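Please read the briefing below alongside the sequence and the coordinates. It is arranged by topic, with the conventions stated where they are needed.

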Amino acid sequence: MLIEIVLPLILIVIMFSLGLELGPRDFAEVALRPKAFALGAFNQMLVVPLAAFVLAMLFSLPPELAVGLMILAASPGGVLSNSATRLAGGNVALSISLTAVISLAATLTLPLVVAFAVGYFRGAEAPALDVTGLGLTVFVLTAAPVGLGVLVRRYFPRFVAKSSAAIARFSMWLFLVTIVAAVIANWQAFADNIGSLWPVLIALNATLLAVGCLTASLARLPARDMTAIAIETGTQNGALGIAVGLAVAATSTGLPDTTLPSVIYSITAWILTMPFVLWRRSRSSSLPATAPDGVA
C-alpha cells in the first residue's frame, strides 16, 4: 500500500503544492529571463539524462538499475528544488517556473527517455512499453495537480496565502517518512543494491551541480540565477521517479529495481545538495544587493 497508493498520492499533493506557488510573476520569468530559463531547460531536458546515461555505462549498472537511473534523470525538479533555492538565496521565481514548465514537458519527454532506456539496457529482453499510457500516468501525477493548484491559487487566494507553505512542508515530510517506511519494509532489496547505487548517485548529483554552475557562469548569469539553475539541474523529483519506476516494472511485490535509484537518491541527495545550499547562501549574503551579472 505504501508504494502503490500512498507514494503516488503524496506526489500528487507535492505537485499540487507547487501549483499553489505559481503566479503570473513565475510564468513571466520565461519571457523576462529567456536566457536563464532556456539554459535551465536545456540542462534538465538534455544534460541530466545524458549524464545519467554516461554514469550508468561507466559504473556498469545492471539493466534494471540503469533504467531506474534514467527514469530518475528524466524526472524534473520538485518542491525540494524550489525550497533549496529559496534557502540558498537563489532566484525562486526562476526555479518555480523551471519546475512547472519542465514538469508539463515531462508528460512527453519522460516516456520517450524511458522507452529508450528500456530498449537500450534490456535489449531483446525489453518488455513492451505503453508509452502513451506512461505519458498519461505522468500527466495525472504532475501536470494535472499543478494545474489544479494554479486554479486554486487564482480563485481562492486567501486560502492559498494561509495554507500553501504548510501544505508544501507537510507533503515533503510525509514523503520522507514514507520513503523511510518503504526502505524498512523492503530492507533486503535496499541493502543488496545501495553499495552499487550510492556512488553513481553521488557522482550524478555532484556532476550536475557543477554543470549547473559552470553553464550559468559561461552564460554570465547573475549569482541568484546561477544558484537556481545549479539546484534545478542537480535535483530530481524522487517521488516521480519512484512512481514511474513502479509503472514500468508493473509489479505489486515490494520495491522493484527500477524504483531503487529514486528511493536511494531521495536519501543521498541531501549529502551534497545541502552543503551546496549552505555555500551558495553564504555567497549570497556576502554579495552586494546589486551584484553585477556573472558574479558568483
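What follows covers helix packing, aromatic rings, charges over rings, and a few single residues.

This is a predicted model, in which local features need pLDDT of at least 70, side-chain atom pairs count only at pLDDT 80 or more, and totals for chains, interfaces and linings use all residues. Residues are numbered from 1 along each chain as its sequence is written, and side-chain values use heavy atoms, with hydrogens and water left out. Helices (H or I, at least four residues) are DSSP runs numbered from the N terminus.

**Packing of helix 3 against helix 6**

- Helix 3 and helix 6 pack with their axes 10 Å apart and at an angle of about 30°, where axes are lines fitted to C-alpha atoms, for helices over the stretch in contact, and angles run from 0 to 180 degrees between N-to-C directions.
- That angle makes helix 3 roughly parallel to helix 6, a class that takes angles under 35 degrees, while those over 145 count as roughly antiparallel, 65 to 115 as roughly perpendicular and the rest as oblique.
- Helix 3 passes helix 6 in a right-handed crossing, the term used if the near helix is turned clockwise from the far one by less than a right angle, with anticlockwise giving left-handed.
- On the helix 3 side, the residues making the contact include Ala36, Phe37, Gly40 and Phe53, and on the helix 6 side they include Leu94, Val101, Phe116, Tyr120 and Phe121; contact means heavy atoms within 4.5 Å.

**Aromatic rings**

- Rings of Phe, Tyr and Trp (its six-membered ring) pair if their centres lie within 6.5 Å, with planes under 30 degrees apart counted as stacked, over 60 as edge-to-face and the rest as tilted; by this rule the count comes to six aromatic pairs.
- The ring centres of Phe53 and Phe121 are 5.8 Å apart and their planes stand at 55°, so this pair is tilted.
- Because Phe53 lies in helix 3 (residues 34–58) and Phe121 in helix 6 (residues 92–122), the pair ties together parts that are 68 residues apart in sequence.
- Phe53 is buried, with a relative accessible area of 19%, and Phe121 also counts as buried, at 14% relative accessibility; buried means under 20% relative accessible area, exposed over 50%, and partly exposed in between (1.4 Å probe, protein chains only).
- Ring pairs link Phe53, Phe116, Tyr120 and Phe121 into a cluster.

**Charges over rings**

- A charge sits over a ring if NZ of Lys or CZ of Arg is within 6 Å of the ring centre and within 35 degrees of the ring normal.
- Arg154 lies over the face of Tyr155, at 5.2 Å from the ring centre, and Arg280 lies over the face of Trp279, at 4.9 Å from the ring centre.

- The axes of helix 3 and helix 10 (residues 223–234) come within 9 Å and cross at roughly 20°, which makes helix 3 roughly parallel to helix 10.
- The crossing of helix 3 and helix 10 is right-handed, and the residues that meet include Ala36, Asn43 and Val48 in helix 3 and Asp225, Ile229 and Thr233 in helix 10.
- The axes of helix 3 and helix 9 come within 10 Å and cross at roughly 145°, and helix 3 passes helix 9 in a right-handed crossing.
- Among the residues that meet there are Leu39, Val47 and Leu55 of helix 3 and Val200, Leu204 and Val211 of helix 9.

**Single residues**

- Ser262, in helix 12 (residues 260–286), is buried with a relative accessible area of 0%.
- Not counting residues up to four places away in sequence, Ser262 touches Leu72, Gly238, Gly241 and Ile242.
- Ser60 has a positive phi of about 50° although it is not a glycine; Ser60 is placed in the loop between helix 3 and helix 4 (63–74), and is exposed, with a relative accessible area of 58%.
- Arg220 has a positive phi of about 55°, although it is not a glycine; Arg220 is found in the loop between helix 9 (187–218) and helix 10, and is exposed, with a relative accessible area of 56%.

How values were computed:
Helices (H or I, at least four residues) and strands (E, at least two) are DSSP runs, numbered from the N terminus.
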